[in-house]
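Here are my notes for you, as promised. Please have the model open while you read.

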Amino acid sequence: MTSAVLSPAEQPRADWGGGVSPFGVSWQKLMMWFFLVTDALLFAGFLVSYAFVRLAAETWPKQTDVFPMVKIAAMTFILITSSATMATAVGAAHRKDLRRAMIFVLLTAIGGALFLAGQVTEWATLIAEGARLTQNPWGPPPFAAFFFMMTGFHGTHVLIGVILLGIVTVRLARGKATGHGVEIAGLYWHFVDVVWCFIFPLFYLL
Amino acid sequence: MTTSPAPQAPRFPAPGHAAPAHAPAEVHAHHGPQSFWTRYVFSTDHKTIAKQYLFTAAFMSIFAVGWSMLIRLQLAYPHNTWPILSSLFPGLYQDGVLLPERYLSLTTMHGTVMVFFVISLALVSGFGNFIIPLQVGAHDMAYPFLNALSYWTIVPACLLMMVSFFVPDGAASAGWTAYPPLSALAEAGSGLGQTIWLLAMAPFIASFTMGGLNFVATILNMRTRGMSLMRMPLTIWTLFYASVLGILTFPALTAAAIMLLLDRLGGTSFFLPAGLIVSGQVLPHQGGTPLLFQHLFWFLGHPEVYVLALPAIGIAFDVLAAFGRRPSFGYRNTVWSILAVSALGMIAWGHHMFTSGMNPYLGEYFSIVTVLITLPFSVIAINLVASLWRAEIRLHTPMLFALGLIAAIGVGGLGGLWLGTATSDMYLQDSYFVVGHFHFMIGVVTGFGIFAGTYYWFPKMFGRMMNETLGRVHFWLTTLGTFAAFMGMHFLGMGGYLRRIYDPTTYRYAQHQPLNVFISYALLLAALGQVLFAVNLFWSLFRGKRAGANPWDATTLEWTTESPAGHNNWETLPTVSRGPYEYRTDNAPAGFHPQGEVEAAG
Amino acid sequence: MEHVTSYRTYWVLWVVLLLLTVIMLVTEAAGLPRLVTVGVILLAMTVKVVTIGAWYMHLRYERLSLILSVVLGTFATAGALYFLLIPDGLAMHRLAQ
């Protein structure tokens, strides 16, 4: 195998052969994807713990008695809509239509802020009804604790996303942002939506 | 051989992507930053960051070893008084006697700091940062700024850990595993130190995740032309799997740590069952279970063992090939075995919990998976040994440590069989057999990996060789000391001697005090060996023999650049046309083929 | 060449996602047998996640290697955690009763 050494120029260029990205994506996008994997697993840790504690519990409150479902549904709609506007913004940024991209990123950020506002009022209502980290008027205390922890962590992610989108808006307004950059910010935003897609049915519905 | 100056390939000829504007190759000018602060302190150069990690780990290890000496002193002479220690460490000793709760702090902090702030930092973050760009042929890590950020995130974590000794109630004392309810309840005796412990783990996890993302992105995306996956040196493979394991399993610990913190500070009951009674008081907690914490903790904890041990094994493979002057035995088998070990290691954590009240069917499953790991791990161990077959050994210090590592894997691995099987583990659980076993696997194996790597790459880091004589004495003191001590611990465990016991003479059945004294002296010997290492390190930094580009006649890419490697590693990236270990080939004039040839600039 | 999805696709999918959410809510309120409720809601959840991942996050236009790394990495790990913790949760439940 050592006798016939190909010169570098003659070597076949395989996807995994070095010198190219094996996934066909830049390292920025790759890193964002892998970051999303580890962040998703953090939520998986919370959700699995929730499943564990709920299975072990003797009783569990009926969520529709606790949560105003219309409001939660509205929040879910808002978050899904914000994902759609984000996808539109990424498409526009790739088409070099920076104005449209900016408008839709801004709409996304507003959607995120609305979602957060809904979350804050929901917390306020539940706290007024007597829910605390340590106690839960409707049954076992871990119910309230998991509620505050999971929605709190998801809300923090939304907040970070809104800030991120604000930065992207400014960059777009100055003509600095690239389609690639908007797409990476978009990945994060869609991820926040995906996490809600898990939390909403698993915590609020089932 | 023909080396035609191939046109520099665009880094990302990805479908449709214009190359990102800030690919790292363009970030760096061809000369490095000049001011002291940007060059040595807030540097984004992977080699400087690697040295920062390594020196931080060395600094932390002084404390971790020091604490272990205090622990061994207590275990060897539990009834003596040491007035001088009272004046030296007024928080730990009172009237010359080590406070029992501070003894637990010492074991906790020794474990935590050794695992997370010495071995992880040195082996994964330190050598990983140094060697990944050099061995895959990149100018720097994928995202140099994130790399610097990950180092500067670890600094407050280290400081927090150290500060926790000086708060009321002392440092964390719930063990490095931080099991609730002890770690969750202030009433049960875990004070502010435990909170700080948790808060210090947070930046550590963040830093390790950032580092891991960088490692994976660099290894996958930044390899130079011709560096196909099956041409990567085994160090790179092991660091890759270690990073992937870290990315996949650390989130579970993050979740557990957050919930534990809420239990401590917010009064929640994630890990606290109903009916806990502390000092006669029934606590209001209900609904949780400590078993959940154990699962989440060991979901990280077990893969963490591989995160630590695999890079050491990878370094040993590199060193064995270079100093045995023969290709590493069964390269492909090793690569796939490392994958199998990593994958199985992620679903085998329950063998740490056989006596926890876990569902016994689960225990049976975890037993089987754990014993299954033996298969790929044996392939790795056999390939290590077989890499010596017909080798022309050059017995330099790195090689000595690589050989010692093989021995330690043998001893530690055999002990693992006993502990991985539920039936025998029921007896050995939480005994000194366990302590001896994991000190072999994540103490001696990883430690020897770090030493082998340091002696091996020191010339590449600082342009000077380390002193051979001192190195050999260091090796023998370390090997004799640690092997005697940790093997002795296996016997103690067989005798039923439990870990985390303040006074070893408490139990009538435990009549092994002479062995305890012997272990303490053996470890003192090993610790003195480390003083020689420190002397060697600093002496060689300033007085060591100047090293050429390739002082060991090694094949991998890092030896094609000058020693110490310059700011961008190479002016023009080398191109790779061979496997990593082509030693002793017939037609090579020097007896070996370097993996890459540096293209003529232009 | 990067695949550029038409704006229309995004908004058609938006309607699909909203409908799926409505289906979830209706199923929950309909008082069907527990097993059916759980099945429908989990199915709708999976479809939603796949839709967002595949179209909004452009995963279906990436190489298979990236799709597998991300999807398997996440779901195999989370699945291992889930399925190996559940037996203990059930055992704790039996103990509690």
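1. First, the ground rules. This is a predicted model, in which local features need pLDDT of at least 70 and side-chain atom pairs count only at pLDDT 80 or more, while totals for chains, interfaces and linings use all residues. Residues are numbered from 1 along each chain as its sequence is written, chains are lettered from A and ligands numbered from 1 in the order in which they are written, and side-chain values use heavy atoms, with hydrogens and water left out.

2. Chain B brings 18 residues to the contact and chain C brings 14 residues, contact being heavy atoms within 4.5 Å. The buried area here is about 1300 Å², with 73% given by carbon and sulfur atoms; buried area is the accessible area (1.4 Å probe) that two parts lose on being put together, summed over both.

3. What about polar links across chains B and C? Three residue pairs are in polar contact, both residues at pLDDT 80 or more. (A polar contact is a pair of N or O atoms within 3.5 Å; within protein, one must be able to donate a hydrogen and the other to accept it, and residues adjacent in sequence count only if both atoms are side-chain atoms.) On the side of chain B that touches chain C, α9 (290-324) and α11 (360-386) of chain B each supply at least two residues. The largest share, five residues, comes from α9(B). Helices are DSSP runs (H or I, at least four residues), numbered from the N terminus.

4. Chain C itself is divided into domain 1 (1-61) and domain 2 (62-97), with bounds from an automatic or database domain assignment. Their C-alpha centres lie 21 Å apart. Four residues of domain 1 of chain C are in contact with four residues of domain 2 of chain C, and the area buried between these domains is about 350 Å², 67% of it from carbon and sulfur atoms. One residue pair is in polar contact between the two domains, both at pLDDT 80 or more.

5. Finally, do look at A:S83, in helix α3 (residues 69-94) of chain A. Is A:S83 buried or exposed? A:S83 is buried, at a relative accessible area of 0%, where buried means under 20% (1.4 Å probe, protein chains only). Its side chain makes a polar contact with the side chain of A:H190 (2.9 Å). Neighbours within four places in sequence aside, A:S83 is in contact with A:W189, A:H190, A:D193 and C:Y56.

Technical notes. Buried means under 20% relative accessible area, exposed over 50%, partly exposed in between (1.4 Å probe, protein chains only).
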